[in-house]
Amino acid sequence: MSGGGGGVDGSGPDQHGMITMEDLESFSEDQLSDSGNGSLQEEGETMEEDENPDRLLHYWQDVARGHQVEVSQEMAEPIQQLTSNNQGRSHRERVPFTLLTRKEKCGELLYEKRHYEKGHWACITMREDTYEQSICYGFMRIMRYICQQNSLGDYLGMSLPIVTVVHTDENHSVISHDVTVAYYLPTEHQAQPPQPHDSDIIIEIWPATVVYTRPFTGPTNEVTIINQINAMAELLDSPGVCVNDSFIVAGYTNPAHNNRQNEIWFLERR
């Protein structure tokens, strides 16, 4: 797998999570966890998909301020579209893979080894002051691509997980500011990926890859990612078979929830 054209070769929990497309799509169907702001929780629970788009926008503007991120008025339409049914196309497709092995200890899953096929991904590389800011701004641009800012002029559909490619130093102690956000094109668009209007979004073909993946819950930020990378490195029998300075963080669930479901991915060297 690669990300952002460069290739992959060889703090405490915040109740306001990062904005992701999964947030927006699940917003109308899932109950938000307690954010410490009763009005936001009540608003999230009572909004329906035919509500005023400005209410959705204002909600996400409030969430984003927790990460020093500004959500502009032009995001109102993509937010509304990703929370609606989109003519029955609200199904979330999972990125396909083949499970090769699982390693468990005392009934607890330590990690899985998977094979992912070659596929098209829409990628954008951001360089903001913090990881959270890079993710938020990157996702918002990917969202606009999914919601009509593409050569088809149509909603493309959702896929999970949404992944970010991160780079570290040799000691796995520091994460680079360059963070790539990537979205797997749903099956119907794999053969002929719609082209983005945003010139910074690149459609890449990621080669078939073997991935070692470990689940974890909670927020994703510089501290938690470094901790998860180091924990995974200790569990692998032969960590040297994996790329040592590039990793993937995969997100599956609404990060506004207390128990966000994530994975850290190590990529086997090719």
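Author: Start with a definition: buried means under 20% relative accessible area, exposed means over 50%, and partly exposed lies in between (1.4 Å probe, protein chains only). Buried residues make up 53% of the 270 residues in the protein chain.

This is a predicted model, in which local features need pLDDT of at least 70, side-chain atom pairs count only at pLDDT 80 or more, and totals for chains, interfaces and linings use all residues. Residues are numbered from 1 along each chain as its sequence is written, and side-chain values use heavy atoms, leaving out hydrogens and water.

Confidence comes next. pLDDT is the predictor's confidence in each residue, from 0 to 100. Its mean over the protein chain is 77, and 65% of the residues reach 70 or more.

The chain has 6 helices and 11 strands. These are DSSP runs, numbered from the N terminus: helices (H or I) have at least four residues, strands (E) at least two.

Now the pairs. A salt bridge is a side-chain nitrogen of Lys or Arg within 4 Å of a carboxyl oxygen of Asp or Glu. The count is 9.

Glu-263 bridges to Arg-114, with the closest N and O atoms 2.7 Å apart. Glu-263 lies in strand E11 and Arg-114 in strand E3, so this pair ties together parts 149 residues apart in sequence. Glu-263 is buried, at 10% relative accessible area. Arg-114 is buried too, at 5%. Both belong to a network of salt bridges that also links Arg-102, Glu-104 and Glu-112.

Glu-268 meets Lys-113 in a salt bridge (4.0 Å, N to O). Glu-268 follows strand E11 (261-267) and Lys-113 sits in strand E3 (residues 108-116), so the pair joins parts 155 residues apart in sequence. Glu-268 is partly exposed, at 23%. Lys-113 is also partly exposed, at 23%.

Asp-178 and Arg-127 form another salt bridge (3.3 Å, N to O). Asp-178 is partly exposed, at 29%. Arg-127 is exposed, at 55%.

Glu-93 is buried yet has no salt bridge; the nearest side chain of opposite charge, Arg-94, is 10 Å away. Here Lys and Arg count as positive, Asp and Glu as negative; His and the chain ends are not counted. The Glu-93 side chain does make a polar contact with that of Thr-187 (2.5 Å). A polar contact is a pair of N or O atoms within 3.5 Å; within protein, one must be able to donate a hydrogen and the other to accept it, and residues adjacent in sequence count only if both atoms are side-chain atoms.
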